[in-house]
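Dear colleague,

I am handing over the structure below, and after it you will find my notes on what came out of it. Please read them alongside the coordinates.

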Amino acid sequence: YGGYLFWKSFALKRLIPNASVRMRIVAQHRALSYIKHAIIFLAIALFAIAVLRPRWGDEMRESSIEGVDVLVALDVSTSMLARDISPSRLDRAKDAIRIFAGALEGDRIGLVLFAGEAFMQCPLTADIEAFHMFLNAASPASVRIPGTDIGAALDLAYRVFNRRRMTSRNFVLITDGEDHAGKVNAAIEKFKELDVTVHVLGIGREGGDVIPLAADDPTGGVYQKDTKGNIVRTKRNDDLLRRLAEATGGAYYDINASFAGVY
């Protein structure tokens, strides 16, 4: 339309070469011409806005997002209080979980805590802040029955995978490998049936360490003892952890010195 106005002005100059005469003729229709041009430009602008389809307010839509579901089983038995890994095995394990939980975008993550028994601490959720809240609260006091039953954690995870339709089955087990119940082999066979891969993160030194009775004891002056009064030493069971990962087609990671490969 601007091109048309330019051409019109050029044509008027050729038709009426005398500028004073041309200005008198144009002046008689100037007000009406301005109104006409304003209406036309307004119409063009409104048409352009309509083509852009602007919208206001909120609109609720239901959408389906296909992401990755990660279920984490964390050992919170008293042996995880050992300080052969600074500041403790449990704190180191939590740091590893925070790293790969922070890397999830739109995916869901859940948390299982286990010692002598296992329970779901945090159901699968995309709310990472809520997950961190449950993770931070995890401690040996979270589980009523002492000891370490890795098989119980595997059984609980099996029930979760078996009853839910999960887009991608990812199970991560973090433990020092001490197991007092001896139910790991039976649980492994169940995971093979479901075709679920178990990735294992091992924590703790093979040489072992004593177990402080209180997680908040900075000196570690009071240690756990057995029924004969001897101080208990805990060490990582590498053989069990590697066998568990290999039997399900998963990977084993030693997170004592580095978190490389866990995210």
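The structure holds 4 aromatic pairs, where rings of Phe, Tyr and Trp (its six-membered ring) pair if their centres lie within 6.5 Å, and planes under 30 degrees apart count as stacked, over 60 as edge-to-face and the rest as tilted. One of them joins Tyr1 and Tyr4, a tilted pair with 5.8 Å centre to centre and 35 degrees between the planes. Tyr1 counts as partly exposed because its relative accessibility is 30%, and Tyr4, at 40%, also counts as partly exposed; buried here means under 20% relative accessible area, exposed over 50%, and partly exposed in between, with a 1.4 Å probe and protein chains only. Tyr1 and Tyr4 belong, with Trp7 and Phe41, to one aromatic cluster.

Before going further, please note that this is a predicted model, in which local features need pLDDT of at least 70 and side-chain atom pairs count only at pLDDT 80 or more, while totals for chains, interfaces and linings use all residues. Residues are numbered from 1 along each chain as its sequence is written, and side-chain values use heavy atoms, with hydrogens and water left out.

As to the overall fold, the protein has 8 helices and 8 strands, taken as DSSP runs (helices H or I, at least four residues; strands E, at least two) and numbered from the N terminus. Its radius of gyration is 35 Å, well over the 18 Å that the globule rule gives for 263 residues, so the protein is more spread out than a compact globule; the radius is taken over C-alpha atoms, and the rule is 2.2 Å times the number of residues to the power 0.38. The C-alpha atoms fill a box of roughly 120 × 45 × 30 Å along the principal axes, and 39% of the 263 residues count as buried.

Helix H8 (residues 238–247) has Asp238, Leu240, Leu241, Leu244 and Ala245 buried. These buried residues pack against helices H6 (150–163) and H7 (184–194) and against strands S4 (169–175), S5 (197–202) and S8 (252–254), contact meaning heavy atoms within 4.5 Å. After H8 comes Gly249, with a positive phi near 80 degrees.

Finally, Ala118 is found in strand S3 (residues 118–125). Leaving aside neighbours within four places in sequence, Ala118 is in contact with Val112, Leu113, Ala152, Ala153 and Leu156, and its C-alpha atom is separated by 9.7 Å from that of Arg144, 26 residues apart along the chain.
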